Amino acid sequence: MAMNWHVYQTVLALLWHMGNPQETLFDNNEQFRLPGDYVIGGLFSLHSRAVNLDSRTKPEFITCDSFYPSGYRYFLTMIFAIDEINQATDLLPGVQLGYEVYDSCMEMLGTVPPSLRFVSKGDSNGVAVQCDYMNYQPRVIAVVGPTTSEETIPIARLLGHFHIPQIGYSASSEALTNRQRFPTFFRMIPSDNVQTEAILQLLHQLGWNWVSLLCTDDEYGRGGCTKFINLAEQHSICISHWQLLPQRVEAKSNAQLGQILSTLKSVQSNSTVLFANDLYATALLQEAVSQGYGSGKVWIGSEGWTASRRVADIPNVGKAGGVLGLALQKGRMPGFEPFLEKWLKRMSSRPRQECQAGGDLSQGVCFPNCAECYSFTLQNYSYLLGGTQRRTSFATYASVYVIAHALHSLLQCNQSGCLKSKVCTQKLVEELWKVNFTLETSPISFNSKGDPPSIYEIVNWQWHQGGTPSIVTVGKYINGKLSLDLPNVYWNTPDNRPPGSNCSSQCEDGQVKRGSGCCSKCDDCPAGTFSNISDDSNICSPCPLEQWSYPRSSNCRDRIVEMRSWTNFSTIFLLFFSILAMVVLLSVALVFVCQHQSHMVHEAGGASCFLMLLSIFSSCTSLPFFLGPPSPSTCLARQPLFSAGFTVCIAAMLAWPLRPPHSSTLCCQVSLQSCTGRILVFTISLLPQVVNFFLWLWLNPPAVIPNYDILDNLVLLECFEGSNIFFGFSICYNCILAALALALTVGRLDLWSYNTGRQATFSLSVFIISWIFFLPTYATSKGLNVPCIQVFSGLVCIYSIQGSYFLPKCRLLLFKPNIGTNGFLPRASLDQPGSIRTVDSQ
């Protein structure tokens, strides 16, 4: 009934204009008209609403408002394509294409007057009544547009009667594939049947079978809804709720949209399929934002709005939910931006000619009244390049090239030119069926229904840093086959997990059913578990320890084995300073050997200082065992070498202050302060650590083990210390020993020269502080760099002992060897009778 009403309205308007050929609704405007050898008609929605339809009681001028930038962009794309073809030498050489473009106002009635203009004979404003139109020469050779299926269907019948080819750049109604009713209609986008099949495949791949459905109350929406409902059952998809959106997007429709959203909230469905253009989608999602509808919800969008920046730029649109849907394939239009800039600059400098209702119509044809078309400047023209610029605009661009290629063949064009002649439009239609070429890497051809190759992109709105979303391609639908990069889909949910939209579904691999009854649902198995529907089980089985799995996996996979390597930056860095420390220790030992009889060496500890240097060097040699790939031998050796070296060094520093006040030789009297006493203290200090290492290596020795707790997909080979008790004791004991040595050093500073005592105090303090920070850091860390923490702490201690205790003495031994012995006597000896007090030269 709706289609018959369209035809009835068209016929009425046609008869009225035939009876009044001298009257018209148009006036001249340069922007929308270009003379040429062959003229192409264009219908674009420069505005989106006709404001006087309710009060219209006679066929008077239709007033439009609500400027529609997308429609203006498509119009400029057509002009760009014609300009590009007119300048080409390989396509229609010597032929100039012209155009006449009109504003359809996104209203079916707005297409009637321009269509009558298109079918008028020659330069007249009337349509001649003839028995047949075999030799009829209309004003245009073809028509591009209009925007919607609602506008396209009535004029497609009119143009089909005159056998004038019509190329649709965005009309997708399946009704237009009927070649008996629309014999001259072709289009550059897939039909709604293809789109519906693609959406159903998308839902099936997502594993969703419980969805809501919203459609606009026009040819596009009703056709999409009908086809979806008919095919949903075949794909085992149930519709929880479906509804038509209000016919017109106006302020009063907000209440209706609010009621629709309230109903959607009440049904147990997390996904809503929306068949709409960008105007309807904008109004609906704005209302969804105001209601905070989007928590855990996903919109499955049709190509009419999913890739539209107009919709994506709604403030706080993320509150409406996630968006996943179809979009037309992108296409390249090189040179469009420079052309657009040049065009806008030229048009903004020209006076406007606008037609008003009831104005002087004597001049002939009235082109669109579009004040906004002149308002774009070089500063804001970038708005015309956003969103679907490379999608629907490319379809418009391709529409013109399709006509040009067919005309090129019809005129038998070659490099020398074309055989210009009157064009029989039915012959041009025949050439359109043969069109097959590539336009900027995009293949262009038509099937038996006048449709192009069935190609869609699957696009997803993704918020990376807040603000407005990016429109990202995450899959494709090509000739019946859908591919989706599911891991890269952004769901706009709190944990970015697919919200799921199921009701009593058959669970897929990697899922298990939870609950019972009509709306039981399938839950994904978490990471580290798997489920296979062939097992007929309702549990997620854990993966073996040496394997792992993604969430929603049907099997497990082997973990990647990882270990420390010599090429790691931290390894190279720490190894360099470890080797440097060993070189410094060897250099200090060489200096001390050469000056072993000096009082300075005796003051540093005499034979004890060589023992200290050797023990620190032992700790240094253990450091590479921490940094390289683990092995059983290095795991066993590294901790004893590391800790024992520090134990010996600290024990020697603990025993040295126990020497007698007047001692000037290595050993003197047999007492606690004698050489034997110091050796006894030194030996007793070592015993606890020796026992600890013996029990450690005997009861629970370190070994190479796989660590499965770092990352799900990795197994880390590392040295396990065997027992944290023995390991902790080795570190804590050294700290306790260092604390005793520090207390004894501070308590007997009278035995030291001032600087030597200060140096011993500083190095012991750094040692204690270093290991105090090490223990909590080590205990709370995990991964490949854990051994680096111990190596770093060890290097801090080694360099503190070198830098504060040994290197200052080396400096004096090398650069001030004759400074004098008295300057290095113990403080106690300086207070004896007859002693000479000198300044401490360190």
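**Close-up views of a predicted model**

**View 1. Here are the spans that UniProt calls transmembrane.** Over residues 784–807 the chain is 92% helix and 0% strand, with the end C-alpha atoms 34 Å apart. Helices here are DSSP runs (H or I, at least four residues), strands are E runs of at least two, and both are numbered from the N terminus. This is a predicted model, so local features need pLDDT of at least 70 and side-chain atom pairs count only at pLDDT 80 or more, while totals for chains, interfaces and linings use all residues. Residues are numbered from 1 along each chain as its sequence is written, and side-chain values use heavy atoms, leaving out hydrogens and water. An unreviewed UniProt entry lists "transmembrane region" at several stretches, including 679–699, 725–747 and 784–807; its positions follow the numbering used here, feature names are shortened, and annotations may be inferred rather than shown by experiment. Residues 679–699 are 100% helix and 0% strand, and their end C-alpha atoms lie 30 Å apart.

**View 2. Isoleucine 725 sits in helix H18.** That helix covers residues 724–747. Isoleucine 725 is exposed, at 69% relative accessible area (exposed is over 50%, buried is under 20%, partly exposed is in between; 1.4 Å probe, protein chains only). Its C-alpha atom is 9.7 Å from that of asparagine 692, 33 residues apart along the chain.

View 3. Leaving aside residues up to four places away in sequence, serine 149 touches Ala171, Ser172, Ser173, Glu219 and Tyr220 (contact means heavy atoms within 4.5 Å). In the loop between strand S6 (142–144) and H4 you'll find proline 146. A cis peptide bond joins glycine 145 to proline 146, with omega at about 0°.

**View 4. Two residues here have a positive phi: serine 66 and asparagine 492.** Most residues other than glycine have a negative phi, and most peptide bonds are trans. For serine 66, phi is near 60°; this residue belongs to strand S4 (residues 64–67) and is partly exposed, at 31% relative accessible area. Phi of asparagine 492 is near 60° too. Asparagine 492 lies in the loop between strand S18 (481–484) and strand S19 (511–514), and it counts as buried at 17% relative accessibility.
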